[in-house]
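Here are my notes on this model, as numbered points. Please read them with the structure open.

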Amino acid sequence: MYAPERQQEILRLARESGRVDVLSLAEEFQVTAETVRRDLRALDRAGLVRRVHGGAIPAGRLDFEPDLAEREGTAADEKDRIARAALAELPSDGSVIIDAGSTAARFAAAFPLEAGLTVVTHALPIAARLADHPGIALHLVGGRVRHRTRAAVDAWALRGYGEIKADVLFLATNGFSLDGGLTTPDLAEAAVKRAMIAAARRVVLLADSAKFGQEHFARFGDLGHVDLLITDTGLSPQDALAIEHRGTEVARA
């Protein structure tokens, strides 16, 4: 296969899956990792992809925010494993905050019936999943509801989180990286996430490995704000170690 043909196929894969990584492409096309990196550099110079840690994403995706329904079907197995692993971080009693997001929604849906907790969320899908739970004292933070995330933002939401201190925050993100920190496409969402971090004694980040290396428009924190990252085995041991060197514990489910 000639380089232009390989690059066209790499672009197709990036657009279909939202991300490609160097090692998987090298294996698929039976070329060296350095050959793949040259292909990605060429596509990056052409403005067709944006290079990120370990691979690339389609151009324009850094500020693209998929709808919640679209995110529900992405990396479903990985998100299920992350959600199950996160259950071990629930306190035996006390209070938790749950952020908006598809992985967080799976986590809420998996709450055991015997759980007896105070739960605070600004996400309508998560509130709907927990509203009938017999042991949950549910508090719904209000505000303007964003259609893409079904989550409340702006002044009401910020004020609500400013009035509490919870034991654990289960946080979501669109991207995380060693230098770029925690990012999301929307400034209003970022402001709420910062308020949630300030409102919790412990922060557990739920993020699948495809989000590692992605950097979006609005930054709301760095890895130093996260006590524990729960991700999947797609995050390499080397990257997990680099994150732990920043002071964040990593669990690969």
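1. Start with the aromatics. F107, F111 and F170 form one aromatic cluster. Keep in mind that this is a predicted model. The count of aromatic pairs comes to three. One of them is F107 with F111, an edge-to-face pair at 5.1 Å centre to centre, with 75 degrees between the planes. F107 counts as buried, because its relative accessibility is 0%. F111 is buried too, at 6%.

2. F176 and F212 form a tilted pair. Their centres are 5.3 Å apart, and the planes make 50 degrees. This pair links distant parts of the chain: F176 is in strand β10 (residues 175-177), while F212 sits in the loop between β12 (200-206) and β13 (218-221), 36 residues apart. Both F176 and F212 are buried.

3. K193 lies over the face of F220, with 5.5 Å to the ring centre.

4. Now the sheet. Seven strands make an open sheet with parallel pairing, in the order β6-β5-β4-β9-β12-β14-β15. β6 and β15 (249-252) stand at the edges with a single partner strand each, so one side of each has no neighbour in the sheet. On average, neighbouring strands of this sheet are turned by 20 degrees against each other, direction ignored.

5. Inside that order, β4 (residues 95-98) pairs with β9 (residues 166-171) in the parallel sense, over three bridges. I98 has F170 as its bridge partner in β9. F170 also belongs to the aromatic cluster with F107 and F111. Helix α10 (residues 237-244) packs on the sheet and touches β14 (228-231) and β15. The direction of α10 makes about 155 degrees with that of β15.

6. Which residues does A137 contact, beyond its neighbours within four places in sequence? They are L117, T118 and V119. A137 is found in strand β6 (residues 136-140). A137 is partly exposed, because its relative accessible area is 36%, between the 20% and 50% cut-offs. V120 is 17 residues away from A137 in sequence, and their C-alpha atoms are 8.5 Å apart.

7. R144 is placed in strand β7 (residues 144-146). R144 is partly exposed, with a relative accessible area of 45%. The R144 side chain makes a polar contact with the D154 side chain, at 2.7 Å. Leaving aside neighbours within four places in sequence, R144 is in contact with A151, A152, V153, D154 and A188. H53 is 91 residues from R144 along the chain, with 34 Å between the C-alpha atoms.

Terms used. Residues are numbered from 1 along each chain as its sequence is written. This is a predicted model: local features need pLDDT of at least 70, side-chain atom pairs count only at pLDDT 80 or more; totals for chains, interfaces and linings use all residues. Side-chain values use heavy atoms; hydrogens and water are left out. Helices (H or I, at least four residues) and strands (E, at least two) are DSSP runs, numbered from the N terminus. Buried means under 20% relative accessible area, exposed over 50%, partly exposed in between (1.4 Å probe, protein chains only). Contact means heavy atoms within 4.5 Å. A polar contact is a pair of N or O atoms within 3.5 Å; within protein, one must be able to donate a hydrogen and the other to accept it, and residues adjacent in sequence count only if both atoms are side-chain atoms. Two strands pair if DSSP finds at least two bridges between them. Axes are lines fitted to C-alpha atoms, for helices over the stretch in contact, and angles run from 0 to 180 degrees between N-to-C directions. Rings of Phe, Tyr and Trp (its six-membered ring) pair if their centres lie within 6.5 Å; planes under 30 degrees apart count as stacked, over 60 as edge-to-face and the rest as tilted. A charge sits over a ring if NZ of Lys or CZ of Arg is within 6 Å of the ring centre and within 35 degrees of the ring normal.
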